[in-house]
Every structure is written in structure tokens, then in C-alpha cells.
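Please open the model in your viewer and keep the selection tool at hand. The tour below goes from one selection to the next.

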Amino acid sequence: MNVAIVGASGAVGQEFLRVLSQREFPIDNLLLFGSKRSAGRQYEFRGKQYTVQELRHEPEDFRGVDIAFTSAGAGTSKEFAADITKHGAVMIDNSSAFRMDEDVPLVVPECNAADALNRPRGIIANPNCTTIMMVVALQAIERLSHIRRIHVSSYQAASGAGAAAMDELLQQYRQSLAGEEVTVEKFPYQLAFNVIPQVDVFQDNGYTKEEMKMYHETRKIMHSDVLCSATCVRVPSLRSHSEAIWLETEQPVSVDEVRRAIAGGEGLILMDNPAEKEYPMPLFLQGKDAVYVGRIRQDLANPCGLTLWLVSDQIRKGAALNAVQIAEYLIKVGNVG
């Protein structure tokens with residue numbers, strides 16, 4: 001495989017390098033692209049140094065590329081998509097640019113891998129991180145009974161806003177403890193010692209863009225009429241998102257059935273032993289590939305309702321790993337090149 005990474009210097013771009021190396025992804029040639037600011041930076045991959053090239057409107061830069069992982073923002077993806085795909089590269093895009101386009105598949109391999117085979121524009125979209133981790137768990141339950149409604153509250157780490165946001169959170173903690181004025185640039189308010197009930201910008205209906213992503217993307221990925229109402233909250237942890245989910249199925253499903261489904265589900269790890277205080281927490285699950293699920297209970301307010309808690313590293317499964325898994329699937333079925 002000839003592979004390109006666009007946005008190589010960002011948090012997700014760096015995670016791409018780690019994931020590709022750890023999973024021994026087959027790479028013959030690797031190209032790194034970035035902004036003018038990051039051009040010239042060097043990164044080591046499998047014992048060899050690679051230099052970031054400036055992303056330009058030069059379609060020949062992507063000649064011979066089989067797979068291009070892009071994570072440089074929606075604007076960049078839209079601007080350069082034609083250049084990237086001109087010579088047949090499969091563009092697996094981590095931005096929001098194409099997710100809801102009818103002619104672009106939105107893929108989570110545990111749920112709808114085959115959708116990646118139908119990509120008329122040569123583009124496959126990676127869903128939003130909060131959606132990815134949720135649907136991996138929901139797909140296991142959907143096989144027991146159709147899910148009609150979802151209510152979800154997300155608790156999203158600073159890393160969801162990028163590497164600079166993680167640095168700002170650490171700086172805010174240091175400044176707060178030292179009694180200094182706190183720097184606030186990456187978030188609407190100080191995040192250290194606080195939670196902010198806003199992720200992304202508000203829409204006319206009172207929901208944020210992040211919350212509406214969960215509504216629309218879940219339906220597209222699961223090929224479902226499910227209704228999803230979300231509240232997304234930024235919390236002062238560094239990495240890995242958490243979600244509290246209430247869902248309603250068409251038929252009653254027992255807690256034991258759900259536990260068995262989660263334990264046997266692809267990409268899932270059951271961590272549900274309240275008696276021993278065993279449940280997923282972001283502090284301990286950074287750098288892990290799976291979606292961890294616990295606190296599984298019957299909903300006391302709904303006989304067809306269930307509630308559960310899950311945690312996943314949103315830079316890995318919520319971004320880089322999911323994209324690499326899409327590429328691995330395409331290679332497995334012989335659908336690249």
C-alpha cells in the first residue's frame with residue numbers, strides 16, 4: 001500500500017502514525033502532508049524519518065497513493081478532495097465535511113463495513129467520535145431488539161478539541177493553583193475545575209452542532225429510524241470520552257442479555273462489576289482500542305428501557321483507529337486500487 005496522511009502534525013495525524021505502526025498496516029511508501037506551518041517537520045515511522053510536505057493544489061502529489069487518511073479540518077478536506085482522489089486514492093476523511101452527503105458512506109466497521117464499498121466520489125467519511133463509540137455498543141443491542149429512542153449525555157475530554165486544547169487545560173490547572181489569571185482561548189470558559197455544557201456551536205433548535213451530529217449520523221450508520229437526543233458536555237479530563245446512555249427497544253431486553261451481547265460484541269469490552277467498583281473511567285482507558293461498557297441497568301422509568309455507561313479513547317477509536325479499520329476492511333475484501 002502507498003499511504004498518505006494529511007494533517008500529519010495534528011493530534012489525530014500523530015495517532016494515525018502510532019496506530020498504523022502498532023497494527024502493522026502494510027505500507028510500502030508513506031507520504032505526510034500538512035499546512036505551510038507544519039511543512040518541514042520530521043516524524044519517525046518504523047525506524048525511518050519522514051518529512052511533512054506542504055499540502056498544495058498539485059494533483060500529482062497523490063499519484064500512486066492507494067489510501068489517504070485526512071484529518072486537517074472540514075475546510076481543507078473540501079478544498080483538496082478532488083486533488084487527493086484524482087488518481088484513484090481512497091480518501092478516508094476524519095472531518096465533518098462529507099458525513100451527511102448521500103454519495104459518501106459514513107462507516108463504523110463494527111456496524112456497516114460494507115457501506116465502504118460504495119463510494120462514487122472515492123471518499124469514505126469517518127463519523128464524529130461521540131457517534132462512533134456509541135454505535136459500536138448500540139449495534140450489539142440492536143441485534144437483540146430494534147432500538148427506537150436514545151437519550152445520551154456525553155462527557156468529552158479536552159483532547160476532543162485538539163492537542164492545543166489539552167495543553168491549555170494543563171496550563172489552566174497550573175495557573176489556577178498558582179493564583180494566576182487563567183488563559184481561555186480554546187473553550188468558551190475556563191475548563192479546569194469546571195464543566196461546560198457546550199461542545200461546538202448552537203443551532204436554531206437549541207442543540208449544538210455536536211449534538212445534532214449524533215442524531216443524524218447514528219441514523220445513517222445504523223440504517224435506522226432511531227431518534228437520538230443528546231447533551232454534549234466538555235469535562236476537564238485530558239483524553240477519552242464518556243457517555244451515559246438511556247435507550248428504548250421495541251421489545252423488553254434483560255440486563256443479562258445485554259451483558260452477554262456486549263461481552264461478545266466486536267470492538268467491545270464489558271467492564272460491569274459494581275460490587276467491586278469496576279466500571280469504565282477515562283483516566284485508565286487512554287490509548288485503548290475498544291469501547292468499554294458498564295453500569296448496565298434496566299431503566300426504572302421505561303419497561304423497554306436500558307441505561308448504560310461507556311468510555312472510549314476518542315482519538316483512537318473515535319478517529320484514527322476507526323479510519324485504519326476501514327482501510328483494513330477494504331484491503332481484506334480486495335477493494336483498494
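Begin by selecting Ser-96, Ala-97, Phe-98, Arg-99, Met-100, Asp-101, Lys-209, Met-212, Lys-213, His-216 and Glu-217, the residues that line the second largest pocket. On a 1 Å grid over the protein atoms alone, a pocket is an open set of points with protein on both sides within 12 Å along at least five of seven lines, a cavity is a set where a 1.4 Å probe fits but cannot get out, and lining residues have an atom within 4 Å of a point. This is a predicted model, in which local features need pLDDT of at least 70, side-chain atom pairs count only at pLDDT 80 or more, and totals for chains, interfaces and linings use all residues. Residues are numbered from 1 along each chain as its sequence is written, and side-chain values use heavy atoms, with hydrogens and water left out.

Next, select Asn-126, which sits in the loop between strand S7 (123–125) and helix H4 (129–142), where helices (H or I, at least four residues) and strands (E, at least two) are DSSP runs numbered from the N terminus. Is Asn-126 buried or exposed? Asn-126 is buried, with a relative accessible area of 0%, and buried means under 20% with a 1.4 Å probe and protein chains only.

Now show the side chain of Asn-94, which is joined to that of Asn-126 by a polar contact of 2.9 Å, a pair of N or O atoms within 3.5 Å, one able to donate a hydrogen and the other to accept it, where residues adjacent in sequence count only if both atoms are side-chain atoms. The side chain of Asn-126 also reaches the backbone oxygen of Ala-319 at 2.8 Å.

Finally, select Glu-110, Val-136, Gln-139, Ala-140, Arg-143, Gly-265, Glu-266 and Leu-268, which line the largest cavity; helix H4 gives the most to this lining, with 3 residues.

Note on methods: Buried means under 20% relative accessible area, exposed over 50%, partly exposed in between (1.4 Å probe, protein chains only).
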